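Good morning, colleagues. I would ask you to bring the model up on your screens, and we shall then go through it together.

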Amino acid sequence: METIATPPLSPAALAERRIVRLTLVLGFLAAIPVAIWFSWQAGVGVFIGAVLAWINARWLQQALDALTLLSTAQAGAPKPRISAAVYVKFAARYVLMGVVIYIMMTYFAVPIVSLLSGLLALGAAAMAEFLYESATRKK
């Protein structure tokens, strides 16, 4: 069986990958003390919010990658065609977040503040990545 060598990822792609992973890790780590000090519903809310932030980031990344690929493939075309799936992924991110937040609040009594706090895990992951890049940057 022949293996195909994949080209190394760019530094930006590696940073994106770390940010996406850190979103879930930081959300989980934040959910534990929230569950202990406040309530298990609040802890679950933080973690579900972080999962929603992770899904949002992944779908946005996939949609932007598809747009980039389509735009470069159709560089000379007067009116480039974009798949409906790309538009669906852009809109579905917000629909999914709204539906999940509504269900968690209505049926599981999860506080809205904890869900919204979990959504901030993506920003925290981006800041952690900035600190990592600043500390390990070659001069």
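This is a predicted model: local features need pLDDT of at least 70, side-chain atom pairs count only at pLDDT 80 or more; totals for chains, interfaces and linings use all residues.

Helix 3 and helix 4 pass each other in a right-handed crossing. Helix 3 covers residues 84-108 and helix 4 covers residues 112-119, and their axes come within 10 Å, crossing at roughly 145°. Which residues make the contact? From helix 3 they are M97, I101, M104 and M105, and from helix 4 they are I112, L115 and L119. By class, this contact has 7 nonpolar residues, with no polar and no charged ones.

Let me turn to the pockets. The largest pocket has a volume of about 200 Å³. Its lining consists of L9, A13, E16, R17, V20, R21, R58, Q61 and D65. Helix 1, residues 11-37, and helix 2, residues 40-73, each supply at least two residues of that lining. Which helix gives the most to the lining of the largest pocket? Helix 1 does, with 5 residues. Sorted by class, the lining of the largest pocket holds 5 charged residues, 3 nonpolar and 1 polar.

The second largest pocket contains about 150 Å³ of space. Around it you will find E16, I19, V20, N56, A57, L60, Q61 and L122. For the second largest pocket, helix 2 gives the most to the lining, with 4 residues. By class, this lining has 5 nonpolar, 2 polar and 1 charged residues.

Is E129 buried or exposed? Its relative accessibility is 4%, and because buried means under 20%, E129 counts as buried. Which residues does E129 touch, leaving aside those up to four places away in sequence? They are A15, R18, I19 and L22.

Thank you for your attention.

Conventions
Residues are numbered from 1 along each chain as its sequence is written. Side-chain values use heavy atoms; hydrogens and water are left out. Buried means under 20% relative accessible area, exposed over 50%, partly exposed in between (1.4 Å probe, protein chains only). Contact means heavy atoms within 4.5 Å. On a 1 Å grid over the protein atoms alone, a cavity is a set of points where a 1.4 Å probe fits but cannot get out, and a pocket is an open set with protein on both sides within 12 Å along at least five of seven lines; lining residues have an atom within 4 Å of a point. Grid points are joined across faces, edges and corners, and a volume is the space filled by probe spheres set on the points. Ala, Val, Leu, Ile, Met, Phe, Trp, Tyr, Cys and Pro count as nonpolar, Asp, Glu, Lys and Arg as charged, and the others, Gly among them, as polar. Axes are lines fitted to C-alpha atoms, for helices over the stretch in contact, and angles run from 0 to 180 degrees between N-to-C directions. A crossing is left-handed if the near helix is turned anticlockwise from the far one by less than a right angle, and right-handed if clockwise.
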